[in-house]
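Hello,

Here is the structure I promised to hand over. My notes on what I found follow below it.

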Amino acid sequence: MLSVIDPLDAHQRELWGHQTVKLRHHLAEMDLFSDDSLAKLIETAAPKSLAMHTEGGTDPSTWPSVARGTVPGAGVLEAVRDGKLWINLVGISEWDPRFAELADKIFAEFAAQVPGLDVVKRKLGVLISSPKATVHYHIDIPGQAIWQVRGRKRFIIYPATEPFLRPAELEEAVRSATYGVATYQPWYDEHAEPHDLAPGDALHWALNGPHRIENFDELSVSLTSEHWTPDIRRTYAMNYGNGLLRHYGWTPRSRAVTGPAFWAKVALTAAYRKSGLQNKKGYQRVATFTVDPDAHNGVRPLPPSQWAPPGA
Ligand SMILES: [Fe+2]
């Protein structure tokens, strides 16, 4: 297999992990992302690895979850093409060996080019989404990149600092397993970097940088990658500890990831997790819609008696 990523230039190697870096890749030349391949993946994904949503309401954390029901993969793709659906093949590198190999290859290529990069954990996902679909302003916890494979989208990135990134919201996203919804104001756009992504473009941005997405009027297929380094783990531990302090009434004053205050937070987090006070249940989707290629938006509501976690 040829290289996945075109070589980074000297500036990109220094910027990687700190600022937005736009790269070129060759994933669109692989048949992993053809309609046939995607239809098979949709059919073989375990229900927990097939996250499907449709748009509804202003709070994206409550957008309806959609079950596949008995619709074959090709029918699901048809519903995405004509409707209003977001599909995430979650953690695909953990259940499809071809994507596991792809993850190895991508991160080996990064490691060979970015000085000092030490990725200790990584994962890939595949996003398949409808023409004109949107993703609201949100934050992700690990290091992230998006790799556009089919269709075009506008990817809008905001600075990973206040007021765009509010520590209390980041801490909340870290402590819960929910989608990291963050407060958005339209004037933030004056400070944003919009990037139009076409097949072959990839973006990696600063850790926890808020972003939102607007698809062009065409079906979009993207690969997403997430990764952890020792530094990202320390930032996570600091945010977790600060979130606990805030939860118990203190306003955290330090975002340091070294020194005694940091290690006290690591100890606090460990004690809290051991105590059983943590909500281990996490976030569970309950499908209230099902795929229907013939229905408006490609989905139809399920009667409440049939609401259930997908696959239940
Ligand atoms: Fe994201």
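Two strands count as paired if DSSP finds at least two bridges between them. Helices (H or I, at least four residues) and strands (E, at least two) are DSSP runs, numbered from the N terminus. This is a predicted model: local features need pLDDT of at least 70, side-chain atom pairs count only at pLDDT 80 or more, and totals for chains, interfaces and linings use all residues. Residues are numbered from 1 along each chain as its sequence is written, and side-chain values use heavy atoms, with hydrogens and water left out.

**Strands**

Strand β5 (residues 121-129) pairs with strand β13 (residues 220-228) in the antiparallel sense, over nine bridges. There, lysine 123 stands opposite glutamate 226 of β13. β5 also runs antiparallel to strand β4 (residues 85-89), joined by four bridges. Leucine 89 has valine 126 in β5 as its bridge partner.

There is also an open sheet of five strands, with antiparallel pairing and the order β9-β6-β12-β8-β10. Its edge strands, β9 (180-181) and β10 (193-197), each pair on one side only. β6 and β12 run antiparallel, joined by three bridges. Valine 135 stands opposite isoleucine 213 in β12.

**Iron site**

Which residues hold the iron ion as protein donors? They are His138 (NE2), Asp140 (OD) and His211 (NE2), lying 2.1 to 2.2 Å from the ion. Donors here are N, O and S atoms within 2.8 Å of the metal (3.2 Å for Na, K and Ca); water is not among the atoms, so sites may look incomplete. Along the chain the donors follow the spacing H-x1-D-x70-H. The histidine pair links distant parts of the chain: histidine 138 sits in strand β6 (residues 134-139) and histidine 211 in strand β12 (residues 211-215), 73 residues apart. Both histidine 138 and histidine 211 are buried. Buried means under 20% relative accessible area, exposed over 50%, partly exposed in between (1.4 Å probe, protein chains only).

**Helix packing**

The axes of helix α6 (residues 230-247) and helix α7 (residues 259-275) come within 8 Å and cross at roughly 70°. α6 is therefore roughly perpendicular to α7. Axes are lines fitted to C-alpha atoms, for helices over the stretch in contact, with angles from 0 to 180 degrees between N-to-C directions. Angles under 35 degrees count as roughly parallel, over 145 as roughly antiparallel, 65 to 115 as roughly perpendicular and the rest as oblique. Residues in contact (heavy atoms within 4.5 Å) include Tyr236, Met238 and Leu245 in α6, and Phe262, Trp263 and Tyr272 in α7.

α6 also meets helix α5 (residues 167-175): their axes come within 8 Å and cross at roughly 105°. This pair is likewise roughly perpendicular. Among the contact residues are Leu170 and Val174 of α5, with Tyr236 and Tyr240 of α6.

**Loops and backbone**

Most residues other than glycine have a negative phi, and most peptide bonds are trans.

- The peptide bond from glutamate 162 to proline 163 is cis, with omega near 0°. Proline 163 lies in the loop between β8 (153-157) and α5.
- Asparagine 208 has a positive phi, near 65°. This residue is in the loop between β11 (201-204) and β12, and is buried, with a relative accessible area of 7%.
- Asparagine 297 has a positive phi, near 65°. At 27% relative accessibility, asparagine 297 counts as partly exposed.

Asparagine 297 lies in the loop between β14 and β15. Aspartate 292 is in the loop between β14 (287-291) and β15 (299-301). Aspartate 292 counts as buried, at 17% relative accessibility.

Best wishes
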